[in-house]
Amino acid sequence: MRTRSGRAWAAMAALCAALMMSFGFAPQATAAPAWPVMSNGSSGPDVGAAQYLLRSHGHDIAADGAFGPGTENATRAFQESKGYAADGVIGAETWPGLVVTVREGNSGDAVAAAQTVLNKHGYGLAVDGQFGPGTASAARSFQSEQGLEADGIVGPQTWQHLLGQGGSGGGDHSLPIARDALSRDHYGAPHHDYPALDLPVGTGTPVYAVDSGVANQINNDRCGLGYEVAADNGATYYFCHFSAHGVGSGTRVGPGTQLGLSGNTGNSTGPHLHIEIVAGGANRCPQPYLQAVYDGSNPPGVGDLPTSGCIE
């Protein structure tokens, strides 16, 4: 039961908060980071976002996260249309004209761009171009962390913070597949013959880094296209059977950085994502780790994960 004294303290706290706001003591936004600079040969989620934004301006290119000749040509055409220097480099002059303000209820490629860079910060959204409640909630959470007005509208200031920073700001861990794509049960399924996890997703599903670290591309007969991520927590993560790489070797990734797209390459009997966690020289069961991430709780230490009991 709330007492009269408790109500009085609550009223006093609200009055103090209002006075702090009136005297300019509200939380201040962090200084805006520099816009990233990207050109032919760049790769990663910022490139993917730029490609979606170019598409929103009418340029028919693939949003594959790889800055190639097609993206360079589209960039030059966009720059010419705006009267910018048409150098094919997306930097401080080009970004402000390229970004599009989006909010709940909007749809299209500009929304997909916002979802792509929100995922770089760990939010695990489906990149579907639909600005629904989940995307709005992620935008507000990111804005709050940055000291921005948490209105859920992705405008120029929010874009600059999203694009100008790495991918670890939205959380310490990320699911490898967007939360709404797979149920919790899929993260507990046993692997068929050794500690690992197979997630049943179709070709072309975005795959995200679970923890921060350095990603290096894999391309061999067993894994197919994939990644080895040397994580900051001491583990090595393996992601296999991609249809396309999304970031270059040696790229620093954060939780929620899009690594690429799922597929059926290598030693695979059908489209899926294969995940291994290796720590202390042994394959560890990913299931308890990823189910904890799914639940929003702190996962066990990678060295404490079991090396058996997750096999059919």
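Hi everyone. Let me start with a cut-off: a residue is called buried when its relative accessible area is under 20%, taken with a 1.4 Å probe and protein chains only. At 3% relative accessibility, Cys 240 falls under that cut-off, so this cysteine counts as buried. One thing to keep in mind as we go: the model is predicted.

Now, the partner of Cys 240 is Cys 223, and a disulfide connects the two with an S to S distance of 2.0 Å. The torsion about that S-S bond is -105°, and the link is left-handed. Where do Cys 223 and Cys 240 sit in the chain? Cys 223 is in the loop between β3 (213-220) and β4 (224-231), while Cys 240 is in strand β5, residues 236-245. They are 17 residues apart, and the pair links distant parts of the chain. Cys 223 has a relative accessible area of 3% too, so Cys 223 is buried.

How many disulfides does the structure hold? There are 2. The other one to show you joins Cys 285 to Cys 310, with S to S at 2.1 Å. Its torsion about the S-S bond is about -80°, so the disulfide of Cys 285 and Cys 310 is left-handed. Cys 285 lies in the loop between β9 (282-284) and α8 (287-295), and Cys 310 in the segment after α8, so this bond ties together parts 25 residues apart in sequence. Are these cysteines buried or exposed? Both Cys 285 and Cys 310 are buried.

Note on methods. Residues numbered from 1 in each chain as written. Predicted model: local features only at pLDDT ≥ 70, side-chain atom pairs only at ≥ 80, totals over all residues. Heavy atoms only, no water. Disulfide = S-S within 2.5 Å. Helix = DSSP H or I, 4+ residues; strand = E, 2+ residues; numbered from the N terminus. Buried < 20%, exposed > 50% of the residue type's maximum accessible area, 1.4 Å probe, protein only.
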